[in-house]
Amino acid sequence: MTEKSFHIRPYRPEDLPRLQEITAQTFGPVSIDRNMEQLLGPFGQGGWQGRKVAAIADDCRLQPDGVFVAETQDGQVAGYVTTRLNSVSRIGWIPNLAVDLAWQAKGLGRALLQHAVEFFRRSGMEVAKIETLEQNPIGQQLYPSLGFKEVARQIHFAMRLNETI
């Protein structure tokens with residue numbers, strides 16, 4: 001894939017349904033909520049997918065100028081990255097990155113991350129932060145290849161509240 005196969009542009013509100021579609025399609029193997037449902041059974045409304053697509057809507061609402069989409073030559077949205085800026089800590093955070101299955105392994109995720117990092121630099125951030133799960137080998141390889149360094153590991157625990165200990 002060459003750079004001419006896609007371009008990265010700012011988010012537009014009409015992109016949201018497609019971003020949510022890509023999210024539901026791609027986050028299953030790397031979703032904490034999905035892990036919890038597999039272990040504890042269903043909970044809440046909408047299942048893990050409903051909660052994850054709602055989180056993307058929140059990203060787009062909270063920092064719309066920090067959401068970027070990769071668009072193919074024929075105008076299809078093939079991926080996105082969401083960002084948050086913290087002007088006090090000077091940390092730019094990447095909460096979500098997703099690429100349509102048909103466009104994975106073609107450099108689009110890398111290009112979206114590089115775009116986010118440049119956005120952070122232009123916005124005066126001093127540190128860029130992204131997280132991944134141990135079960136995400138792509139993230140564990142991609143992020144360090146762009147200069148991110150592992151700083152900590154976190155273990156997530158969950159329990160049903162309607163069961164006694």
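User: Which residues does Ile94 touch, and what makes something a contact here?

Analyst: Leaving aside residues up to four places away in sequence, Ile94 touches Val81, Thr82, Thr83, Leu113, Ala116, Phe120, Lys129, Ile130 and Phe148. Contact means that heavy atoms come within 4.5 Å. Keep in mind that this is a predicted model, where local features need pLDDT of at least 70 and side-chain atom pairs count only at pLDDT 80 or more, while totals for chains, interfaces and linings use all residues. Residues are numbered from 1 along each chain as its sequence is written, and side-chain values use heavy atoms, with hydrogens and water left out.

User: What makes β3 a mostly covered strand?

Analyst: Strand β3 (residues 77-86) has 10 residues, and seven of them are buried. Buried means under 20% relative accessible area, exposed means over 50%, and partly exposed is in between (1.4 Å probe, protein chains only). The strand itself is a DSSP run of E, at least two residues long; helices are runs of H or I of at least four, and both are numbered from the N terminus.

User: How do you know which strands β3 pairs with?

Analyst: Two strands pair if DSSP finds at least two bridges between them. Strand β2 (residues 67-72) and β3 run antiparallel and share five bridges, and β3 is joined to strand β4 (residues 91-99) by seven, also in the antiparallel sense. Both pairs therefore pass the cut-off of at least two. Towards β4, Tyr80 stands opposite Ala98, and Thr82 stands opposite Asn96.

User: What makes the sheet's pairing mixed, and which strands are its edges?

Analyst: The five strands form an open sheet in the order β1-β2-β3-β4-β5. While β3 and β4 are antiparallel, β4 and strand β5 (residues 127-130) pair in the parallel sense over four bridges. Trp93 stands opposite Lys129 there. The edge strands are β1 (6-10) and β5, as each pairs on one side only.

User: Why is α2 called roughly antiparallel to α3?

Analyst: The axes of helix α2 (residues 32-40) and helix α3 (residues 47-62) cross at roughly 160° and come within 9 Å. That angle makes the pair roughly antiparallel, because the label applies over 145 degrees; under 35 is roughly parallel, 65 to 115 roughly perpendicular and the rest oblique. Axes are lines fitted to C-alpha atoms, for helices over the stretch in contact, and angles run from 0 to 180 degrees between N-to-C directions.

User: Why is Ala152 called exposed, and where does Ala152 sit?

Analyst: Its relative accessibility is 59%, so Ala152 counts as exposed. Ala152 lies in the segment after α5. Ala152 and Glu131 are 21 residues apart in sequence, and their C-alpha atoms are 9.7 Å apart in space.
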